[in-house]
Structures are given as structure tokens and as C-alpha cells.
Amino acid sequence: MRKDKAGLSEKEAKKRLQIYGSNVLPEKPPPSAIIVFLSQLKNPLVYILLAASLITFFLRELADTFIILVAVFINTILGFVQEERANKALYSLKKLIEPHAKVIRSKMLKELPVEMIVPGDLVILEQGMKIPADGRLINANRFFVSEAVLTGESVPVQKSAGKDVFMGTIVTSGRGEMIVEKTGRNTEIGKIALDIQKEKEDTPLKKQLSIFSRQLTILVVILISFVFLIGVLRDKEISELFTTSVALAVSAIPEGLLVGLTVVLAIGMQRILKKKGLVRNLVSAETLGGVTTICVDKTGTLTKGKMQVVEVYGDEEGLKKQAILANDLDDPLVIAAWEWAVKKQKASPGKLRKLYPRIDSIPFSSKSRFFASLNKDQKTSTLFVNGAPEYLLSWSKISSQKKEKTEEKIKKLTQSGYRVIGFARRTNLNFKSISENDVKKDLEFIGLLAFSDPVRPQVEKALEKTQKAGIKVLVITGDYPETAMSVMKRIGLDVDIQTTITGSKLANISPRELQKKLKNNEVKLFARTTPDQKLKIVEALKNNGEVVAVMGDGVNDAPALNESDIGIVVGNATDVAKETADLVLLDSNFATIVEAIEEGRGIFDNIRKIILYLMSDAFEEIIAVIAAIIFALSLPVTAVQILWINLVSDGLPNLALTIDPKSPGIMNRPPRSPQENVVSAWMRELIVIVSLAGGLVAFLLFYITIIKTNNIALARSIAFATLGVNSLVYVYSVRTLRNPFWKENAFSNKWLNISVIAGLILQFIPFSTQSLRHFFELEQLSPLHLALIFSSSLFMFIIIELGKIYFRFKKI
């Protein structure tokens, strides 16, 4: 064996790792805790509050100054805690995707993390791999590379032995071996890595909420200006009007909304990870809950992907020899064939391979559906071909009787749910290399190997979930229709020849006709398909308005994965497929896809809960203040009181809602419409109803108390407590969204229970001592007053529950 073919020794590799460092590209680190903290101050609301604190300080309103500064500090801390938590969660998820490469060290083939590769390493390159370092090819077999990441040129380039290959480029076809020359920051892509790193883009939902928040801010500014103007016309004190207006603006604008959104998505991604699904970006976490159709391959997701030879048809000796000589051990199916042959073969596979060394080969591709190996056989050579039996039969010299008998056997095996590989050969050749034309003629058909692949036990229950959730499941496979139908029937999917389309039929169906068939649910199985046909199916589904999740694992699946809304790959998929995918199944299980969609629905629900909660009391104080000014009364709450309510009522429960458990019946409802906005019409209507009702109830209690007692401090105390307690009570109605609160476990979120108890304690702390009552301009409340306050909160709770009944009746 040549020295470079033996690879480095482990001792030498360890030494070089110390010299050259890890094979990682330079990247921008996540923001430090200090930067995250300081970024909370880069907020227009904070600027307004700080300006207000300066003005109140010069006006000698020191109580207002103190509370405003406390408001800035607490809002900054809450924002920091949420954002830091989200950043850490996302960074840890990113680190879980660790690429590996096949490396020969000390004459042994090993799979190592890419970061462990050093200059001098011998790396094996196969279709679908991302090249792990810069290097020189020492062997290349029909080897093509896409260098788009460096050159922008999308057409793959053929590379021969002696040519340079570069880190980050992708092997589109063929097989090769390279000696690593440069790693990490010394590679071509390493020199520009920091320049080409994309800035983190806002997700579609975040953009939608940003627009909503801007519109809301404009509305609040208009309303606050109206309050200020009316107050001036009513001869109210300017300083009081100013501080109250600032406080109203702060309480009405939900500054924690966008940070809360990121936290919900990040926590949702961690929950999906616990179910063995790795979501690669925030956008995907948003989209998962809206999936309407899942396109899944049979092998490895519906089945276990653990192949085993169960039946042999034909020349067993010839099959054993071919399974050893014509085998790259790069797929579970051919690995199972190798294991069967090694067990049955008396001679060692190593000796057999030395006796019949390989001269040339054509790697398997899903388009050509065969693998070919040209091996030396004494003075001549033998061409071995493995692949789709129907292809090999058509290329073989075989009697019609034997061909018919073989086809009947294939049908019988596939109807039993087995996967089948055909084997054929050409002997006594004088070839030194082979082409596809050499493969497709004059073959001698040797026989068949049939493989079993047991169905996963969790799949049937997962499919029941998808049916209840209104999610369609399409099986797209390269297998025979009979094999796929057998498996589908075993897991409870009703499928027959009428609801099956083969690749040959699909080739003759127009995109519009395919759209129609899919819309009418006329197809459940696509069999014997090619990757470009998978893309055709995905495009038809998307044109029908479906939100599509697609399963794939190879380089040829990348276009379909990229076109889909959610691209899904198994953990051992090619690098290219993983790069394109949104969800990586760490356990390769279909049930994980369904659980990820379920968590996705929970993510969307929690985002809506936070919006509904933060916005429902957004205008309560404004409504109460406007009503008081119209009726020529004193303001029902002071600036200090408004800011305290904002900190207590919204802060802690908002944090708790980010981790709210999903509804038990979340998979018993149909998918949401892709056109539905996160802040839907029914939510806007409910927000208006609650804000109006809450503001008017607080004003009414304030007004009645003034009429009866002529005590402004007492009236303000009741209005302050009412506005503060309201949202701490009706949060339990908000968290069940559309369902009545009693139909779900209203107290299942322990952190929400703790935050509400803490909020109630904090709400009544200003009443606890004489000095605090003086500071907040409050008076002691009697049991009757407390009863009125909690009754009004219960009234608000009932209003939301009635609103939910009304909107359910409207079939929101």
C-alpha cells in the first residue's frame, strides 16, 4: 500500500492538530451578556422614560422620577433575561449539528468529526458530501463538484486526480480520495468566512409583529396626544398630564412582544429536540405548526431501516461473490447484502477482493438506478451490475420464459413488503474502463436478493394523530408499488392500485393535472419515483396552497427539500440534504415528525397567548383616563401607579406564558390556514372588547367612589387595584385561547401560578405600609373594596369566556 493510501497515524494526527488547530471556520461569536444587557437600552421607549425621569426630576416630582427609573431597570432586566435565554438556547442547538467525514488513519477507515481533520489526512469523498478541507485529489471516479459557494457558478465541475478541491464545496456525483493540505481559517473559504456570514434575518412572524407593533405605537401616540390635548383644554396641570401620558404610552406599547416571540420559538425548538427532532432555524419553528401535508419516504421512517436478507433467488454462489466484489458499503441495503455474503462465504472477503481487484466503477445514482464494478479476473475482466431488477432484466440476454418467471418472483416478493435488488454480470471482457453503454447490454442475469425492513411500532399511532389533525400523508418512494402498499397497509393506511401513481405514469401527467389529483385526494402513494419527480409533486402541492413537509436524505433530494416549506432529513443524511433541511430527525422516525408538528402548533398558540395577554389590557388605562377627562374628573390613576401596574401585571405572567404547556387537544383540530395572520380578526376584536370593558369598569368604580365619598385618593386606590388585578385573573382565560378554561387544566403551568401569586403580592405591597401608601398616593382598602375589585376582575374573566364562545360560534 502506498504511504499516502495508509493515511496518518493517530500519533501524527494528534501532533498536527496541536500545530494547525481545529478544522473550524472563523465565526462571529454570540453576543456577550453585557452587549445583550446594553442592547435593551437601545429602545425608543427607554429613551422616552429616561427623558421623562429627567423632566420629573427638575419638576421636583421625585416619586415619579424614582418609579420611572425602576421601570427602566426592571424592563431592562426582564428583556435581558428573555433574550439571553433565547440566545443560549439557539447557540446550543447550532452546536448539535456536527459534520463528520470518512478518513483513513493507520490503514483503518474511520468516521471523524470534521474539526479533527488535519493537513495530511486521507479523506474519502462520496456523492452528497461537503468537502471538509482544502486538498488535492489522488483518486477520482466520475467526480463532479459544485463550487457555487466560492465561484457563484451553479454548474458542477468535473475533477480528476491531481486537481485541487476546496472546503465547503459539494460532491454532486462520483467518488474520490483527497489528501488534505489546508484546514480551518487557512482554507479558501476560511479567508472569507466572516465576510460571507449572513446577518440573522427576522422571521416572517417577527416581521409581521414588528409592523403590528409600529402601527400600534402610532395609534398609542395619537391617543396619548389626544389625552394631553383634552387635558390641557380642561385646565389639567401640565406636569401631571406629561408624566401620565408617558406612563400611559409605556403601559400601552408591548415592548416585550418581540423578545417574547424569540423566547417562545427557542424554547419550542428545545422541546422538539427532547423528542429527537433538531430544528435548524427560527423560521422553521414557526412554520412547523402550519403543516398540512407530509411527504414521506417509506424506508427508515415508516420502517426501521434495519435491512436483512430474507430470501435468495438465482445463483447463490454468484450472488455471494458479487455482493462482496461489487460493493462500496455506502447504503444500508448493500451493507446487509455484504453481511449476508460474508456469513455465507467460506473465503475471507479481503482475500476475494485481492484476487479480483477493481479496475473501474460507476457509482449508484437514483436516476440511473444501478451500480457497476469492473473487476480483474485472471487475463480478462468481469463487469458486475447491481440495481433495479426491471432495469437489469431489460439489459440482459434472457429467455422470455425465465424473464416472466423472474418478474412473477419479483411481484410476489414485493407484495410481501420486501425490498429487492437485482444482480447481473458480463464476463470475459477486455475492458480497462466502463461506460453506461457497456452496462446496458449483453448482461447475464444472476438473481435477486430480498430484504425485510420491519415497520416501526410507533408509526400507526402517529398516523392516527395526523388524521385527527387534518394532515395528509403522501408516501413518495423509489420502491416497487407492491412493496410500499404492503407496508402502508400494515400501518393502517388505506391504499390500492387506484390511489397509486408510478414514476413512469407521473412522467406523462401535466403539472395542472397532478394538482387536480392531489387536491381531490386521488393519490396516496407515488412509487418508483425519481428525485426530480419528487420536486414536481412538491410544486403541485404548494400551488394548491398546501404547507408541505418533505422527507429526503440524498443530494438529489436537495431541490425538493429546498422547495418545501419544511425540509426533513434523517440523522445520517448527506451533508447537502442536511444543509437544505429545516428539521433533522435524530432517530429517523416518522413519529418524530408528527411530534415536531404538534410542538409547532404549541409554539404558535403560545405566541398568540402572549399577544392576546399583552394587548388585552393595552388600552385599559387610556380608556379610563380619557373617560375621566371627558367627565371633568381628576385622573383615575397617577403616572407612578400606571408604571407599577405595567411592571406587575404584564412582566411575570408574560414570562410564564413563553413556557406554557400545549393544549391536550391541539392535534384534534385542522391546520390553520397559511393566509391567517398571527393577530387574527377575532383576536383584534377580543382585544378591543377587553380593553374597553376593563377601562370602563375601572372608571366606573372610580366615578362611583368619588360620588359616594368625595375621596379622590380612595377612588384612585380602587381604580389602581382594579386595573392591576384584572389581567392577573383573566390570564387563565387567555391561556386556553379558544377553549373554555374549564375544559383544560387551567393551573397546569406552575410558573404561571407562581407569577400570578407574586403579581398579586406585588400589586398590594403599595397598600402595606403608611409610607408606601403615601408614596403611591393610596388609601387603605376595606374588605368591601377588595370584594368589588375581585368581582370586577371576575367580570372581565367572564367577558373573555363569553367572547371565546361567540368566536367559536362564528367558527374562527
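Q: Why does R175 count as partly exposed?
A: R175 has 26% relative accessibility, and partly exposed is the class between buried (under 20% relative accessible area) and exposed (over 50%), with a 1.4 Å probe and protein chains only. The value of 26% therefore puts R175 in the partly exposed class. This is a predicted model, in which local features need pLDDT of at least 70 and side-chain atom pairs pLDDT 80 or more, while totals for chains, interfaces and linings use all residues. Residues are numbered from 1 along each chain as its sequence is written, and side-chain values use heavy atoms, without hydrogens or water.

Q: What makes R175 and D328 a salt bridge?
A: Their closest N and O atoms are 4.0 Å apart, and the term requires a side-chain nitrogen of Lys or Arg within 4 Å of a carboxyl oxygen of Asp or Glu. The pair therefore meets the limit. R175 is in strand β7 and D328 in the loop between α14 (316-325) and α15 (332-344), 153 residues apart; helices (H or I, at least four residues) and strands (E, at least two) are DSSP runs, numbered from the N terminus.

Q: Is D328 buried or exposed, and how do you know?
A: D328 is buried, because its relative accessible area is 17%.

Q: Why is the E181 pair with R136 said to tie together separate parts of the chain?
A: E181 lies in strand β7 (residues 170-182) and R136 in strand β4 (residues 134-146), so the pair joins parts 45 residues apart in sequence. The closest N and O atoms of E181 and R136 are 3.4 Å apart. E181 is partly exposed at 41% relative accessibility, and R136 is partly exposed at 33%.

Q: What makes D479 and R419 a salt bridge, and where do they lie?
A: The closest N and O atoms of D479 and R419 are 3.0 Å apart. D479 is in the loop between β16 (472-476) and α21 (481-490) and R419 in strand β14 (residues 419-429), so this pair ties together parts 60 residues apart in sequence. Both D479 and R419 are buried. The structure holds 29 salt bridges.
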